[in-house]
Amino acid sequence: MKKTILLAMVCAFCVTLGFLSSGPINADDGKSKNNLTFTKDIAPILQQKCQDCHHSGGIAPMPLVNYEEVRPWARAIKEQVVKRVMPPFYATGPAGYFFHDPRLTDEQIAAIAAWADNGAPKGNPSDQPPPLKWSNDWKLGPPDLLLKLPKPYTVEPNKLDNYQLFIPDFVFPEDTWIRAMEIHPGNKQVVHHASLYILPDDFKANAEGRVENADFFIRGGQLFAHWVPGSDIRSYDKGYAALIRKGTRFGIQVHYAPTAKPMTDETSVGFYFANGLIQKQFRSIYGGTDRIEIPPGEANYQISEKRRFKSDVLIRAFTVHMHLRGKSFVVKLWYPDGRVETVLEVPKFSFNWQRFYKLAKPIPVVKGTVAEFIATWDNSAKNPYNPDPTKEVRFGEKTTDEMMSGTILYEIPEENLNLMLKNGRQVSTDANAHSK
């Protein structure tokens with residue numbers, strides 16, 4: 001079982017994700033597929049979709065920047081993209097439905113396959129686009145507030161995934177509004193992903209600033225933000241902000257990938273305070289339960305949870321979460337007029353790649369609409385990630401237990417907070433007095 005999970009993790013890095021936008025590349029556009037070359041046709045695709053992880057110092061096991069690095073992997077790259085295993089994105093939906101959709105187009109897949117089948121020719125070096133520059137700097141400049149690990153953490157050599165929960169020594173002294181935040185991985189060679197949780201009071205750190213025996217799910221905690229390779233920073237348009245309540249204490253959970261040598265990490269989180277007039281904030285509706293009892297061998301155990309919107313809203317994004325037996329997750333909207341719409345479908349849930357699904361265009365929802373969250377688990381022997389198909393599985397914190405968590409992030413169109421902020425703090429509710 002451990003070897004199976006490790007193999008899946010290694011395969012998951014073969015042609016990993018990126019969030020830069022790209023246009024379609026048509027393998028038949030003006031020339032034969034046999035004339036495709038790395039420098040002119042394939043390198044641009046890799047820059048747009050793969051190199052965010054596959055560059056020197058990235059988390060992927062091999063860089064895919066120049067021809068000499070890519071050529072030995074040509075057949076493997078073709079196999080992974082044709083099967084749509086890579087880039088790792090597990091939600092369905094038409095092109096343009098998700099913001100910064102990392103999936104390859106049919107034309108891009110066809111181009112990679114044809115190029116590999118034709119011997120993976122290099123082409124004219126002058127055709128290759130300039131190399132991308134990779135920086136570990138903060139994308140919006142130095143943050144207004146920096147939360148970091150209490151001390152650098154050493155990831156010891158291990159063939160298994162390593163989850164650690166760190167608690168920075170900081171509690172928000174008052175309500176604070178932010179315009180942006182960024183989770184900043186300290187060592188992208190070993191940080192698989194990182195999550196920021198609002199912690200309950202009963203989570204206590206040891207002398208090193210870590211929570212002993214913390215697993216993937218932080219029971220009682222509220223997921224605030226998430227980072228995976230290629231992620232954008234979390235930022236809000238002018239007039240929008242997110243509120244962090246007084247007394248909030250964050251925990252930084254880091255998932256470290258298997259490593260053959262010691263690695264040091266100092267992952268941190270930067271907050272940027274909101275200023276000026278704020279009219280709207282982002283909100284969330286949660287669909288999940290701890291009433292999970294999956295029988296041994298059950299391949300299609302399903303739970304449905306429903307939540308009703310109490311006002312008109314605009315849906316902006318989704319998150320879903322299960323553990324190793326997670327099979328699929330669907331979010332449907334049941335409108336008051338009788339219409340039913342599937343707004344998110346993850347038909348092949350992957351525990352290793354749990355993403356933030358941001359919509360390219362918001363979905364308008366009228367008051368009284370019911371959101372249905374449908375989770376399905378596979379506790380059979382056919383699930384290669386199942387640690388024990390003979391076991392009844394219940395809700396629990398360990399990855400060998402199970403979870404159901406779905407979240408819809410939304411805004412209220414008619415909301416008008418009319419808050420004037422300075423450095424994240426409210427200075428007045430009378431916006432007009434500060435606009436003169």
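Okay, let's start with Arg316 and Glu411, which form a salt bridge whose closest N and O atoms are 2.7 Å apart. By salt bridge I mean a side-chain nitrogen of Lys or Arg within 4 Å of a carboxyl oxygen of Asp or Glu. Arg316 sits in strand E17 and Glu411 in strand E23, so this pair ties together parts that are 95 residues apart in sequence. Glu411 is buried, with a relative accessible area of 2%, while Arg316 is partly exposed at 25%. For those words, buried is under 20% relative accessible area, exposed is over 50%, and partly exposed is in between, with a 1.4 Å probe and protein chains only.

Before I go on, what are we looking at? This is a predicted model, where local features need pLDDT of at least 70 and side-chain atom pairs count only at pLDDT 80 or more, while totals for chains, interfaces and linings use all residues. Residues are numbered from 1 along each chain as its sequence is written, and side-chain values use heavy atoms, with hydrogens and water left out.

On confidence: pLDDT is the predictor's confidence in each residue, from 0 to 100. The protein averages 84, and 87% of the residues score at least 70. Residues 1–31 are below 50, and that stretch has 96 contacts in the model beyond near neighbours in sequence. Residues 431–436 are below 50 as well, with six such contacts. A contact here is heavy atoms within 4.5 Å. Where pLDDT is low, the predicted coordinates should not be read in detail.

Back to the salt bridges. How many turn up in a search of the whole structure? There are 16. One of them joins Asp175 and Arg245, with the closest N and O atoms 3.6 Å apart. Asp175 is in the loop between strands E3 (162–166) and E4 (176–184), and Arg245 is in the loop between E8 (240–244) and E9 (250–256), so the pair ties together parts that are 70 residues apart in sequence. Asp175 counts as partly exposed at 33% relative accessibility, and Arg245 counts as exposed at 52%. Then there's Glu392 with Arg394, at 3.2 Å from N to O. Both partners are partly exposed: Glu392 at 37% and Arg394 at 41%. And Arg75, Lys78 and Asp117 are linked in a network of salt bridges.

What does a buried lysine do without a salt bridge? Lys49 has none, and the nearest side chain of opposite charge, Asp101, is 5.7 Å away. For charges, Lys and Arg count as positive and Asp and Glu as negative; His and the chain ends are not counted. What the side chain of Lys49 does reach is the backbone oxygen of Arg103, at 3.0 Å.

Lys49 lies in helix H2, residues 38–49. In H2, 10 of the 12 residues are buried, so the helix is largely enclosed by the rest of the structure. Those buried residues pack against helix H3 (67–70) and helix H5 (106–117). At the start of H2, a side-chain oxygen of Thr37 comes to within 3.4 Å of the backbone nitrogen of Lys40. Over in helix H4 (74–82), the buried residues are Ala74, Ile77, Lys78, Gln80 and Val81. After H4 comes Arg84, with a positive phi near 60 degrees.

Next, the cores. A nonpolar core is a set of buried Ala, Val, Leu, Ile, Met, Phe, Trp, Tyr and Cys residues joined through side-chain atoms within 4.5 Å. The largest one has 39 residues, and Phe309, Ile315 and Tyr357 have the most contacts inside it. Strands that each supply at least two of its residues include E17 (313–321) and E23 (405–411). Leaving aside neighbours within four places in sequence, Phe309 touches residues including Ile285, Ile315, Leu333, Val365 and Tyr410. Apart from that core lies another, of 29 residues, among them Phe166, Val191, Trp227 and Ile244.

Last, the overall tally. The protein has six helices and 25 strands, and 51% of its 436 residues count as buried. Of the contacts with a separation of 6 or more, 82% are between residues 24 or more positions apart.

Conventions: Helices (H or I, at least four residues) and strands (E, at least two) are DSSP runs, numbered from the N terminus. A polar contact is a pair of N or O atoms within 3.5 Å; within protein, one must be able to donate a hydrogen and the other to accept it, and residues adjacent in sequence count only if both atoms are side-chain atoms.
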